[in-house]
Amino acid sequence: MSEQAAPGKLAAQADDAGGVLTKLIITALALGIAPLSSYFLSRDYLWAGNTIYAALTAIFAANLVLVLYIVGAVREESRLRAREKQQSESKKDR
Amino acid sequence: MSVCPPYAPFFGFAGVASAMIFSTVGAAYGTSKSGIGIAGLGTFKPELIMKSLIPVVMSGIIAVYGLVVSVLIAGGLKPTDYSLYAGFIHLGAGLACGFTGLAAGYAIGYVGDSCVRAYVFESKVFVTMVLILIFGEVLGLYGLIVALIMNSRASEAARCP
């Protein structure tokens with residue numbers, strides 16, 4: 001039984017592996033771009049030159065990227081679990 | 001003793017460099033140490049990899065803190081009319097951010113490693129891991145806040161004669 005399940009598992013893993021890589025690349029880029037851009041843009045346009053508020057905005061942006069990543073990871077796991085449950089239920093119907 | 005010696009920018013630039021260098025060392029330690037645990041987890045449960053990468057993302061944020069402080073301090077450096085007072089302030093701000101980032105990265109590395117290894121067996125460890133990681137990252141945030149406060153005092157330095 002496990003030999004039959006292994007190719008299906010491999011295919012599912014390959015399907016998810018691409019998703020993990022793209023999510024990671026997007027997160028890494030966002031972690032680099034978002035704080036710096038929010039620092040400079042907020043310093044010039046939002047806070048009228050006040051650097052402390054601009055740095056706090058940059059910190060907020062970096063932590064926002066982190067929170068979005070955590071939310072995305074938790075949602076992906078629940079989506080994977082729902083898919084697995086669906087597959088096991090369809091096997092039971094057979 | 002002059003208020004604005006010519007070697008004053010040395011300390012300012014040392015502050016910029018140390019903020020970036022030490023926080024990156026901490027982030028590298030956190031990334032690598034937790035990466036060991038993630039590699040161990042990946043061989044048993046590959047579907048948990050996305051959630052177990054959270055320590056790596058948090059280590060990246062420690063490096064971002066160092067980057068923000070470096071950019072902040074570098075924005076206040078001047079070739080002339082730069083007093084030794086401002087130089088020491090910038091050095092202190094850079095060191096504060098850098099070494100707290102080192103400490104935070106260290107904590108994130110150890111916690112990330114052992115918690116993702118435990119996450120293979122017990123899924124309730126996830127929330128605990130995120131909580132402990134947040135407390136570890138806040139250490140770097142404290143250093144950044146102190147660096148911000150110190151850097152804001154540099155603008156009140158005396159004019160050079």
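Visitor: Where is the place of Thr27(A)?

Guide: Thr27(A) sits in helix α1 of chain A; helices here are DSSP runs of H or I with at least four residues, while strands are runs of E with at least two, numbered from the N terminus. A word on what you see: this is a predicted model, where local features need pLDDT of at least 70, side-chain atom pairs count only at pLDDT 80 or more, and totals for chains, interfaces and linings use all residues. Residues are numbered from 1 along each chain as its sequence is written, chains are lettered from A and ligands numbered from 1 in the order in which they are written, and side-chain values use heavy atoms, with hydrogens and water left out.

Visitor: Is Thr27(A) buried or exposed?

Guide: Buried means under 20% relative accessible area, exposed over 50%, and partly exposed in between (1.4 Å probe, protein chains only). Thr27(A) has 10% relative accessibility, so it counts as buried. A polar atom of its side chain also lies 2.7 Å from the backbone oxygen of Lys23(A).

Visitor: How do I read phi?

Guide: Most residues other than glycine have a negative phi. Ala48(A) is not a glycine, yet its phi is positive, about 55°. Ala48(A) belongs to the loop between α1 and α2 of chain A and is exposed, with a relative accessible area of 72%. In chain B, Asp81(B) has a positive phi near 60°; Asp81(B) lies in the loop between α3 (54-74) and α4 and is partly exposed at 28% relative accessibility.

Visitor: Why does the distance between the ends of helix α2 of chain A agree with the span it should have?

Guide: The expected span is 1.5 Å times one less than the number of residues. Helix α2 (residues 51-93) of chain A has 43 residues and should therefore span 63 Å, and its end C-alpha atoms are 63 Å apart.

Visitor: And how is empty space found?

Guide: Rolling a probe the size of a water molecule over the atoms shows where empty space is left. The second largest pocket holds about 330 Å³ of space. Of the 19 residues lining this pocket, those closest to its centre are Gly76(B), Lys78(B), His90(B), Ala154(B) and Ser155(B). A pocket is an open set of points on a 1 Å grid over the protein atoms alone, where a 1.4 Å probe fits, with protein on both sides within 12 Å along at least five of seven lines; lining residues have an atom within 4 Å of a point. The volume is the space filled by probe spheres set on the points, which are joined across faces, edges and corners.

Conventions
Polar contact = N/O pair within 3.5 Å; in protein donor to acceptor, adjacent residues only side chain to side chain.
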